[in-house]
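Dear colleague,

Please find the structure below, handed over for your review. My notes on what was found in it follow directly after.

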Amino acid sequence: MTHASLYSWAALLLIVVSTLCSCNRTVVGGTLAPEIYATDSITGRYDFGIEMGKTAQGGIMMARSTNNGVRLVATSYFGLSLFDLTLSPEGYKLNNCIDFLDKPQIWQLLYNDFSLLFLPQYAEKISKDKQGNIVMKGGKGIALGKITYNPQSQETKIKHKWIGMKITLKPIETKQTTE
């Protein structure tokens with residue numbers, strides 16, 4: 001083989017590897033999933049619960065639009081900060097988190113899950129179950145997750161059964177006061 005053919009094979013391999021690494025999700029049928037919880041001009045407030053192994057924590061999560069994404073802040077009902085996360089289509093920035101969630105693999109999963117809920121993204125599989133819930137599945141192997149959204153109650157359940165993580169979100173309705 002000549003040097004020119006070696007360089008062309010190396011360039012081809014580099015292009016293939018960079019293309020494979022840049023794809024975040026596989027698009028099945030080209031389905032563009034709209035964000036379930038839009039945060040255009042409001043601060044969304046949600047009842048939030050997370051279970052992981054033997055640890056469970058409940059609280060309130062707030063979501064607010066930023067320049068190119070969404071900032072999520074979750075606290076327990078007693079004021080303990082659970083996490084502070086900024087999502088954008090390019091990735092996430094973890095500003096703060098509690099010890100039991102302080103693992104990069106968990107945040108990659110949560111980024112994938114929360115971006116499906118708060119940012120318009122391509123979903124791998126979107127369907128409806130018998131009860132009319134919207135079901136989205138994503139990830140492969142141990143990262144396989146299932147997001148179930150009930151349009152009537154507006155409750156979302158995220159479940160990663162292989163790692164034992166469950167998350168529930170439900171919008172908190174604000175009461176309008178009239179004077």
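**Findings**

Asp 84 counts as buried, because its relative accessibility is 12%; buried means under 20% relative accessible area, exposed over 50%, and partly exposed in between, with a 1.4 Å probe and protein chains only. Please note that this is a predicted model, in which local features need pLDDT of at least 70 and side-chain atom pairs count only at pLDDT 80 or more, while totals for chains, interfaces and linings use all residues. Residues are numbered from 1 along each chain as its sequence is written, and side-chain values use heavy atoms, with hydrogens and water left out.

The side chain of Asp 84 forms a salt bridge with that of Arg 71, at 2.4 Å from N to O. The term requires a side-chain nitrogen of Lys or Arg within 4 Å of a carboxyl oxygen of Asp or Glu, and the count by this rule is one. Asp 84 belongs to strand β5 and Arg 71 to strand β4, so the pair ties together parts that are 13 residues apart in sequence. Arg 71 is partly exposed, with a relative accessible area of 37%. Strands here are DSSP runs of E with at least two residues, and helices are runs of H or I with at least four, numbered from the N terminus.

The largest nonpolar core has 33 residues, and among those that touch the most other members are Phe 48, Met 61 and Phe 114. Such a core is a set of buried Ala, Val, Leu, Ile, Met, Phe, Trp, Tyr and Cys residues joined through side-chain atoms within 4.5 Å. Elements that give two or more residues to this core include β4 (70–76), β5 (81–88) and α2 (104–118). Its largest share, nine residues, comes from α2. In soluble globular proteins, nonpolar side chains tend to be buried together.

Strands β8 (residues 125–128) and β9 pair in the antiparallel sense over four bridges; pairing requires that DSSP finds at least two bridges between two strands. Lys 125 stands opposite Lys 137 in β9. These strands form a hairpin with five residues between them, and Gly 132 in the turn has a positive phi of about 90°. β9 also pairs with β10 in the antiparallel sense, over five bridges, with Val 135 as the bridge partner of Thr 148 in β10. The hairpin of β9 and β10 has six residues between the strands, and Gly 139 in its turn has a positive phi of about 85°.

Yours sincerely
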